[in-house]
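Please look over the sequence and the structure shown below before reading on. The text then goes through them part by part.

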Amino acid sequence: MTRVKRGYTARRRRKKIRLFASTFIGAHSRLTRTTTQQRMRALVSSHRDRSRKKRDFRRLWITRINAVTREERVFHSYSKLIHNLYKRQLLLNRKILAQIALSNKNCFDMIFNKIINQK
Amino acid sequence: MAAAKPTVSSFFLTLASSSNDPSSSSPTTVTALPRSRFLSAGSSPKFSIAHSKPSFVTSSSPPRHKLPVRCQQQQNPPSIPPEQRWMFEESEINGPDIWNKTWYPKAADHISTEKTWYIVDATDKILGRMASTIAMHVRGKNLATYTPSVDMGAYVIVINAEKVAVSGKKRTQKLYRRHSGRPGGLKVETFDQLQQRIPERIVEHAVRGMLPKGRLGRALFTHLKVYEGPEHPHEAQKPVPLPIRDKRMQVQK
């Protein structure tokens with residue numbers, strides 16, 4: 001049999017992987033085997049966290065809204081606010097509510113008063 | 001081209017001018033979004049390259065203290081002539097997009113020296129309930145700017161820590177355990193004994209258990225200052241009494 005060298009296929013494959021992991025720290029961007037593993041882990045994390053991201057942000061918004069509702073009003077809370085929101089059939093979602101609460105406190109207070117006053 | 005607006009300062013967008021930018025005029029009052037400036041001038045390299053670009057008049061961002069980022073109407077939107085719109089990013093023309101990007105604090109939003117200081121007198125307060133409120137404030141969960149990854153909380157001073165109260169028979173029955181790491185090194189103490197020995201540790205132990213465990217949690221813990229008597233060395237920080245909502249926190253005599 002003639003001698004067959006394996007050529008450049010492996011190198012080209014590994015180059016792509018290395019490019020992906022080029023910004024990783026230390027050996028994770030330098031050593032081939034480590035790079036492959038780290039790329040796999042990175043992709044797995046990325047896949048898993050795409051769903052997590054939605055959950056995490058909703059959690060954050062809820063906590064922020066809760067903090068703001070409890071701030072001056074003693075007996076109010078996030079749960080009551082949301083309940084009243086739904087009763088009044090307002091379509092504001094938590095993200096927008098949280099951003100309003102942050103950027104424009106007066107606006108949020110107005111919304112809040114409107115909701116609770118006309119339960 | 002440059003619309004003359006009375007309250008607006010025009011500035012040439014070079015890197016030099018960026019040094020006198022909003023960060024130096026950071027407001028002294030706390031609360032919310034105000035600190036994050038939307039025009040971080042000098043960050044875009046385009047500006048420094050094209051000096052020949054006509055200087056356009058912009059607002060010095062949300063410049064004043066309590067002026068947070070407005071919803072859609074910027075009071076002084078930068079008046080970029082339409083033929084130059086392509087040179088600038090969306091956020092520079094209209095301000096930051098607050099509806100599609102959840103707010104995240106910048107460094108100017110959590111400067112330690114500008115945080116609130118609270119003070120609690122622990123005399124006859126139920127230990128756990130007090131610790132819970134303290135932990136909330138130290139972590140920053142009472143603020144709209146709460147972020148789990150950033151230390152947005154306040155500082156809390158606790159005085160008269162040796163007078164903290166517990167209900168029931170906890171005074172003689174609550175155990176504090178610690179282990180020295182060596183076999184047989186479990187040391188047990190009752191609440192009473194620990195109060196005689198190191199009274200601050202009781203409050204610290206309680207609050208530490210309620211703070212997150214981790215690097216940030218440990219950093220948060222350093223924001224709690226517990227003292228034995230009525231004196232504390234933080235007068236210069238002008239601490240404010242901690243707002244207490246829990247009615248059952250004070251022991252009724």
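The model is predicted, and every value below is computed from it.

Chain A contains 5 helices and 0 strands. Along the sequence its elements follow the order α-α-α-α-α. How does the radius of gyration of chain A stand against that of a compact globule? A compact globule of 119 residues would come out near 14 Å, but chain A has 26 Å. The extents of the C-alpha trace along the principal axes of chain A are about 90 × 30 × 20 Å. Of the 119 residues in this chain, 30% count as buried.

On the surface of chain A there is a patch of positive charge, formed by A:Arg6, A:Arg13, A:Arg14 and A:Lys16. One of these residues, A:Arg13, belongs to helix α1, which covers residues 9–20 of chain A. A:Arg13 has a relative accessible area of 46%. Membership of a patch requires over 30% relative accessible area and no salt bridge.

B:Leu175 sits in strand β3 of chain B, residues 175–179. With a relative accessible area of 38%, B:Leu175 is partly exposed.

The backbone of chain B has two residues to look at for their phi angles. As background, most residues other than glycine have a negative phi. B:Asp124 is not a glycine, yet its phi is positive, near 55°. B:Asp124 is placed in the loop of chain B between β1 (117–121) and α3 (127–139). Its relative accessible area is 23%, and B:Asp124 is therefore partly exposed. B:Lys238, likewise not a glycine, has a positive phi of about 50°. The loop that holds B:Lys238 runs between β5 (224–226) and β6 (240–241) of chain B. Is B:Lys238 buried or exposed? Its relative accessibility is 67%, so B:Lys238 counts as exposed.

Buried here means under 20% relative accessible area. B:Trp117 and B:Ala219 are 102 residues apart along the chain, and their C-alpha atoms are separated by 16 Å.

The last topic is the pairing of charged side chains. Side chains of opposite charge can pair when their charged atoms come close. A salt bridge is counted when a side-chain nitrogen of Lys or Arg is within 4 Å of a carboxyl oxygen of Asp or Glu. By this rule there are 8 salt bridges over all chains.

In chain A, the side chains of A:Asp49 and A:Arg48 form one such bridge, with an N to O distance of 3.4 Å. A:Asp49 is partly exposed at 31% relative accessible area. A:Arg48 also counts as partly exposed, at 43% relative accessibility.

In chain B, B:Glu162 and B:Lys163 are joined by a salt bridge of 3.6 Å, N to O. The relative accessible area of B:Glu162 is 25%, so this residue is partly exposed. For B:Lys163 the value is 40%, and B:Lys163 counts as partly exposed.

Another bridge in chain B joins B:Arg178 and B:Glu189, at 3.2 Å from N to O. This pair links distant parts of the chain: B:Arg178 is in strand β3 and B:Glu189 is in strand β4 (residues 186–190), 11 residues apart. B:Arg178 is partly exposed, with a relative accessible area of 34%. B:Glu189 counts as buried, because its relative accessibility is 10%. Which residues are joined into one network by salt bridges that share partners? The network is made of B:Arg178, B:Glu189 and B:Arg197.

Terms used
Residues are numbered from 1 along each chain as its sequence is written. Chains are lettered from A and ligands numbered from 1 in the order in which they are written. This is a predicted model: local features need pLDDT of at least 70, side-chain atom pairs count only at pLDDT 80 or more; totals for chains, interfaces and linings use all residues. Side-chain values use heavy atoms; hydrogens and water are left out. Patches are made of residues with over 30% relative accessible area and no salt bridge: like charges are joined within 9 Å, nonpolar side chains (Val, Leu, Ile, Met, Phe, Trp, Tyr) within 5 Å. Accessible areas come from the Shrake-Rupley method with a 1.4 Å probe; for residues, only the protein chains shown count as cover. Lys and Arg count as positive and Asp and Glu as negative; His and the chain ends are not counted. The place of a charge is taken as NZ of Lys, CZ of Arg, CG of Asp or CD of Glu. Helices (H or I, at least four residues) and strands (E, at least two) are DSSP runs, numbered from the N terminus. Buried means under 20% relative accessible area, exposed over 50%, partly exposed in between (1.4 Å probe, protein chains only). The radius of gyration is taken over C-alpha atoms; the globule rule is 2.2 Å times the number of residues to the power 0.38.
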